[in-house]
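Please keep the viewer open as you read.

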Amino acid sequence: MVQRTSFVALALVALGAAGASGQERQITGRVTSATNGEAIAGVNVSVTGAAFAAITNADGRYTISAPSGAATLVFRRIAFKRREVSVPAGQNVADAALEADVFNLEAVVVTGQATGVERRNAAIAATNVSGQEVSAVPAPAVDRALAGRVPGAIISQNSGAPGGGTQIQIRGNNTVIGSPDPVFVVDGVIYSDASLPTGLYSVTQSGANRGSGPTQDDPVNRLADLNPNDIESIEVLRGAAASSIYGSKAANGVVIIRTNRGKAGKPQASITQRMGFFELERGPATRVFSLTDTFPYTSATIASYMVAGQLPFYDHLQEIAGERPLSYETNLNVSGGAENTRYYLSGGVIHDPGIVLNTFNNRQTLRANLDQTLSGRLSLSVNTQFTRNQTDKGFTNNDNNGASVTYAIAYIPSFVNILPAGGTYPKPVLTYKGSNPLQSAALGTNDEVVNRFTGGATLTFQAVQTERHNLRLVGAGGIDLFDQRAEVISPPELYYEARLANPGTSTLANGHSRQWNWNVNAIHTYAPSSAAFKATASAGVQVEDRELETSRATAHGLLPGQSNIDLGAVFGDPFEFNQTERTLAFYAQEELLTLRERLLLSAGVRAERSSVFGDINKYYAFPKASASYRFPGLLGEGSELKLRGAYGETGNQPLFGQKFTTLSSTVIDNTVGTVITGTAGAPDIKPERVKELEAGFDATLWNGRATVEVTGYTRHTHDLLLLATPAPSTGYGQRIINGGVFWNEGIEIGAGLTPIQRKDLTWVFRTSFTSLKNRVQSLPVPDVCLPPGPAAPVCGFTPPNAGFGKAYGQFFIQQGRPITQIIGTDTVAGTCATTCQNYDRYLGQANPRFRWSFVNDVSYKRLAFSMLWDWQYGGVEQNQTLSLYDCNGLAPDQATPAGRARYDSCNLWSVAAPFVQSTTFLKLREASLSADLPERWANWIGARTARITVTGRNLLLFTDYFGYDPEESNFGQQAVTRNIDLGPYPPMRSFFFSITAGF
Amino acid sequence: MTNTLGLRRAALAGATVAALIGAGACSGFFDVPNTNQPNLEDLTKNPTRTKLAGAASGLFAGARTDIQGFIWRVGSLGREGINLSGNNQPDYLEPYFLSTLVGSGFGGALWGGRYAHIRNINIYLTALDKVSTAQVSDAEKAASRAAANTLKALAFMYVIETRDSLGAPVDVDVPITAPLGRFVGRDSVYGYIIGLLDSAQADLGRSGASFPFTIPSGFGSFNTPSTFLEVNRALAAKAQVLRATAAACGVPCYTAALGALSGSFISSRPADFATGVYFNFSTGSNDVTNGLSDPLGSVNFYAHPSEAADAQLQAGGAKDQRVLDKITAATDTQVVGGISEIPGTDKFTVYFTGGQADPSHAIPIIRDEELVLLRAEANWFAGGKLQALADIDSVRVGAGKLTPTTVTIASPDSAFVKELLYNRRYSLMWEQGTRWIDARRYNRMGDVPATPPTGGHVARVMPIPDNECAARGLLVNCTPLNP
C-alpha cells in the first residue's frame, strides 16, 4: 500500500510541480532494462536532496523538474536495483539502464500506515517475498507457500487436507490463550484469517461442543481465500518495532500483502493452465501379522482370517488415501491502462481433489484493482476481490465415535478386509466402534462453502509540493466480509452411527465475518536547501471494527437419505457465539534521514483504545524507536554494510468476552434460571505487551550479487493472558488474569548469492535460518501454582488443548522452563517388575533448534530450475498417531522387543516417552522446471510469450518421525499446543504441469 | 524553520481533526456488550424483578448441585454404598483404601461446586439489595433474603459435614481479587449457619404472603414465607444438633434445637415421615436427572453388604422394613478390579418409583422422619428422655416395623446413642451420608467397617482440596486452621 501511495503521490508531484518555479529546469530521459534493453514503466525518478519526483510512462520515458545546478537523479522500481545518475548543470537528458534485483534489495519497507523507507536504510528486519516466489509452485494457500522463505517465521501445515490449514509462528511463542495469528493486511484492508470449525466434532465426538471439539475439526484458516497468483509482494514485519504500527494485536507479527496493479501502456494478458494430481506423501506403515503372533490377537483369531490357506494383507492407508484424481487450475489476468486510469483484472478457478475419497477444494476468485488519477493532486486506487471457496475435508483427526477414517485404520489389523464387494461394505469385527472407514469416506460429508468479498480504497491528496516541502494526506479504508456455511452429514447407515441410540447425524454451521477499517494520515517531508537531512513526520488515526458471528446446531436420528437438521429425532448441541472488537488508534512518528542518507533515526508511538480492553476509555501506548547507519563501499567496490537497531512494543488483544463474568442458564422444575459460570472474567483486562530489542546488520557485496541480513532479538511478553486457578472457595474454577512473562530470544539470517550471472546462465542461491529459544520467565504466584505432591509447589499449569494426558505426553507451562515443553509419565527404573512407580519428566519442547531453508534458482537460456529444501532440526511432537498404532499393537515393528515395549508402554505402564518424537526433518518442499517456448511457437496460439512448467510440492521428506508428517497439528492454530499429531488428514505430494501464455 | 513548524502544525492539526471525527462519531462505539450470555454485572448493577426471579430459580438449582455426589461420596466413606461405575477407579478405591484421602480426585470433591453456589447466593443478595422497591417491595425483599440465606446455611452445612474439624472459610463474599476469606473452626461455621438461619427467620417475619419468584415443586406447600419458616426452623434444629455434638455447646444447643423444632413442620405420625422438602430432578431439556436412581441391571451404585447384614429383625423374622424398602438384590452383580471384599450384589431402591428406576425422583433435603430423630436426640441430652424414647419408638415401629426399643431412661447414654444411630442410619440411608457423619459425631468410627475383611481405611474427614491449599500458599492436605 505504501508503495502504491508513494507511486501515486510522486506522479502527482511530477504533474503538479511542473513549472512551479523559475529556478528549475526540466530533465527528460528513458529508462530501460540492462538485461534486454526493453523500456521499463513505473520507475520512480527523484532528485537527491529535493522533493521532486516523477514516474516513467509505458515507453520508459520521464520528465522531472530539478534544481538548476548539478543534480543526482535516483531511479527506483520494484524488481530492479536502484541507480543513481549524476546530471551536470546544463544537461537536460539522462537515460538509465536498470539491473534486475533478485534479492528484493530495493523494496520499500513499511514503517507506518502510509509511510515507508527504502530497504537500504531500513532500521528493522523486514522480509519481502515476491508474488512470483509464492505462486510458482501451487500451494493450497499463500501462507503455506511462504514456508522456507521468511527468516523468523516457522510455517507448518496442520494437515494435508485440500484447501489449506496452516499456521505461521513469527518470533516464538508470545501468548497462551490469546490469538496466535499474525495480522494479515491485504492492500490496506485487515484480512480475516479466522478458522471456523465445520462441526465435524459432532460426528467424531472429538471433544465437547463448547470445549476442545470444534478446535479439532482441522479448520481452514481463511487466508486460503486469496489467490496466490494475484499477489505482487508479501512483506513480513517480524519485530515489535516494525509491527507496532498495528499496535495491540501485532504481537505475532504483521503480514502485508499487496496485489498486482495495472501499469500504463498496452493491455497485457496472461493465462495459465495447470493440470496435475496429488498423492499420499507419507503415512504410517502397518503390521504384517503371522500365525505365530500372540498379541493383541490370539493365534486362533488371526488364523480365522485365513483365506485359501493364506493370511491376507491389506494396506488400509492406501485404501483410504490412495486416490490420485486429476486436479486443475486456470488463471487469467489482464492489466493495462492510460496515464490516468490503470487496471488489473484477474480470475482464477481451482479444482483440487484430495487423496481421500470425496475430499476436495474448489476455489473461484475474481479481482479488479483500479488506479485513477483524479486531478493533479488527487488520486484514488480501489481494490476488490470476490472469492467462493468450497472445501470437503472428509472425516479425519481425533475421534471417539468411529467416524475419522485415519483414526479407524489404526484399529484395523492388516488381515481384515474392508473393501466393498458388490457395493456392500464389510462390517469388520476388529475395528473402532464398528467403523468401516471406506464406507465412512464414501458416504460422509464435511463440506464448507465460503463466499467472500474484500474491497478497499485509498485516496491520496498532494496538499503541498515545493522544492523543500511535501505534504500528503492519505485516507484508506476497506471492508472484508465473508459468510461460511458448513454441513457435516453422517448418514444413519454408517456402521458406527448404527450402534448409536439415534443413528445419523447432521450438523449445520454458519459463520458471518464482517471487518472494516479505515485510517487517515498526514505525511510531511521536509528537505532543507542544505540537503543535510530529510525529515518525514506523519500522524494519523485508525479505526477497526471486527465482528464474527458463529452458530451451529446438530440433529441426531436422521431420516435415512435426509440431511436437513429438522429431519432428525433429537436436536442437540446448539451453539451461538457473537463477538465484536472495535479499536481506535492515534499514531505519530518522525523519521530523519541524514548524513548523506546514511543515518536513519526514527521514533513513533501509537495509542489505542479498544472495546476488548477492561477500561474502554483507556489508551495504551506502544512506542518504537530505531536507528540505522550505512557504510557504503566498506567491504569493497559495490558493497554496503548497514548496522541497525530497534526497540519496539506491541501487543496482543484480549479475546472477546474475557473481561466479562457471565451467567449460564439452568433449569429446575421446568423453570429456567441463572447461575454463575466457573470462569471469572477480568474486568480490568489489558493487552499482552511485547517489549523487544532487535539489532542486526545487512550487507551487500559484489555489486549486489551477494547479500546477507543477520538479526538478533530478545523479546519479553508481559501481562500474559492466563487462566489462573483461584481458590475454589471463591466460587470460581478459573480466573482470567494478566500476568507473567514469556521470554523469546533468537537469531534470523537471510542470505542470497548469485554465484553465476552470465547472459545465458544465472544461478541464484538463497537461504534463511531461524533459531530461537524461549522460557517462561515468571508466572503469577500463587494463583497458578499447582502442587504435584508433597514437595515444593510447581508453578505451572496445563494450557487448553495440551494433549491427552501425561500418559501420552502433554504441554505444561512451567516457570523457568521452555514455553512449549512437553512432559509425560515415565517409570522409575526397575519398579515395573512389581508395581510401576511413575513420575513426570521433561520429554522435549515443540520449538525446534532451528529451521533452515535453501532455495536454488538456476536458469539457462530458456530453461529455469528451482528447488526449495527445508531443514528442521530438533523439537518434538506428540505423535498420538503412533500411540494409536502402538496401543492397538498395529505398528509395523510391534512383534519386535522394541515394538512390544511400546505396546506395553501404552497398555501396562502409561509411559509417554515413546510417543513424543523428534521433528527433525529435511524436506524438498518445492521444485520446478520451466521452459520459455520460442516466440514463434507462442505466436502459433496467438500469444506473445509462452512458458511450460513442471512443478512438485512436498516431493521428498527425510525424517525418523513415525507415520505422517512432523508438522501436523490436531488442534489447528494454537499458540503453544501445536505439534500434536492424531490421525490427521494424510499429507499430500503434488505434481503439476502448467502452461502460461502472455498476450 | 518557522515555515516547517507551521506546516507540521497544519499536518498534525489535520490529523487531529480527522481523529476527532473518528473519536466523536462513536460515542458508545467501544461499549460492546456480551450478547452471548447474561452478564453478572448486569444482574448486580441493573437488577429487575424478572432478573432476580431467574437468579432465584438458579439458587434452587444451585442448591441441588453436588447433592448426588454428596450422597454417594459420603455414603462410600460411611460404607452405605459404593460407586463401581465403569473404570473410574478413584471413585471406589480412594474412599475404601486410601490411608489418607488426597485433596484431588475423590477427596477434593464437594467443595468448589458448593462454594460456586454460595457465590451465586451472595451475588443474588447483592442484586437484591440494589433492586428498587418499585420492582421488589420491601416485604418481598425480606422474603427473598430469607430464602437465599436459608439456602446459604444449607450449603455451609453440607461443606462442614465433610470437612468437620478442618474448618471452612465463611467470609467468602469478597471480590475475587481480595484476600481469601480465612478458615474458621467447625463451631464457628455452625454458629455462622445458625446466624444465617436466625436472620432468615427474622426476615420471614417481615415478609408478605408470597415470594416474588417460583419455588420448585419439591418444596411442596412450604412455598410461602409463613410455611417456608417451618423449613428454616427444621434446618436450624439440625444445625443446633450437629453443633451440639461437634463442640462444647451441649445442652444449650439441644435446647435451642428443641425450640427450633417446635417451629418446624415436625409431626411424629409415621404417615407424615415423608413430609418435607425435596430437590426436584427431571428428564426435561437442560434439567438434571437423578443418577442415583440406578436401575437394578446397571453397574453404577451398589449398597454395601453391611447395610443388609446389620439390620435388626421384625417380629416375624423379616429384616427391618427400611432395609426391605430401600435395598434389593442386584440383577447384575459386579466385582470391580478384583476386589472381592466389596462385591456389588445389593442395589438401592431409595429413589425408585413403582419398583422402577426413576430419573425424575426427588431427593430429600430434610423431612419429618429426620426431625423426629433430631427431637429424640435433643430431648435425651436436654433431659426429656421419655419423650426421646417415644420418638425413637415412633420411628422404630412406624418406619422399621420393629418392636419398641429396649433402651430405657435408666440406660446409659451409650445405649441410647447406639439406638439413635441405628435408626438414623436406616431411616436416612443413602439420603445424606448419615452413617459416616454420625460415627464421627459420636466418636464411633470403629463401627464403620473399614472394608470386609481387610485392607481398608475409613477417612475421618475429607481433605481441603489441593487448589484451595495452593491458593493459600500451603502444601497439599493442608490444615489452614493450624498451618
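Where chain A meets chain B, 61 residues of chain A are in contact with 63 residues of chain B, two residues being in contact if their C-beta atoms, placed from the backbone, lie within 7 Å. On the chain A side, at least two residues each come from β23 (469–490), β24 (505–526), β25 (533–556), β26 (570–594), β27 (599–610), β30 (663–668), β31 (671–676) and β39 (785–786). The largest share belongs to β26(A), with 7 residues. Sorted by class, this side of chain A holds 32 nonpolar, 23 polar and 6 charged residues. Here Ala, Val, Leu, Ile, Met, Phe, Trp, Tyr, Cys and Pro count as nonpolar, Asp, Glu, Lys and Arg as charged, and the others, Gly among them, as polar.

A word on conventions: the model is predicted, local features need pLDDT of at least 70, side-chain atom pairs count only at pLDDT 80 or more, and totals for chains, interfaces and linings use all residues. Residues are numbered from 1 along each chain as its sequence is written, while chains are lettered from A and ligands numbered from 1 in the order in which they are written.

Chain A as a whole has 13 helices and 52 strands; helices (H or I, at least four residues) and strands (E, at least two) are DSSP runs, numbered from the N terminus. Its C-alpha atoms fill a box of roughly 100 × 70 × 55 Å along the principal axes. Among the contacts in chain A with a separation of 6 or more, 70% link residues 24 or more positions apart.

Now to chain B, where helix α9 (residues 225–246) packs against α10 (residues 251–262) and also against α13 (residues 368–382). Axes are lines fitted to C-alpha atoms, for helices over the stretch in contact, and angles run from 0 to 180 degrees between N-to-C directions.

| Helix pair | Axes | Angle |
|---|---|---|
| α9(B) and α10(B) | within 8 Å | roughly 165 degrees |
| α9(B) and α13(B) | 10 Å apart | about 40 degrees |

The angle makes α9(B) and α10(B) roughly antiparallel, whereas α9(B) and α13(B) are oblique; under 35 degrees counts as roughly parallel, over 145 as roughly antiparallel, 65 to 115 as roughly perpendicular and the rest as oblique. The residues in the contact of α9(B) with α13(B) comprise 6 nonpolar, no polar and 2 charged. On the α9(B) side they are B:Ala234, B:Ala237, B:Lys238 and B:Val241, which meet B:Leu371, B:Leu374, B:Glu377 and B:Ala378 of α13(B).

Finally, some backbone details. Most residues other than glycine have a negative phi, and most peptide bonds are trans. Which bond joins A:Phe295 and A:Pro296? It is a cis peptide bond, with omega about -5 degrees, and A:Pro296 sits in the loop between β17 (265–280) and α6 (299–303) of chain A. A:Arg596, in the loop between β26 and β27 of chain A, has a positive phi of about 55 degrees. A:Arg596 counts as partly exposed because it has 13 C-beta neighbours inside 10 Å. In chain B, phi of B:Asp164 is positive too, near 45 degrees, and B:Asp164 lies in the loop between α7 (138–163) and β2 (168–169).

Key: A residue is buried if 20 or more other C-beta atoms lie within 10 Å of its own, exposed if 12 or fewer, and partly exposed in between; C-beta atoms are placed from the backbone.
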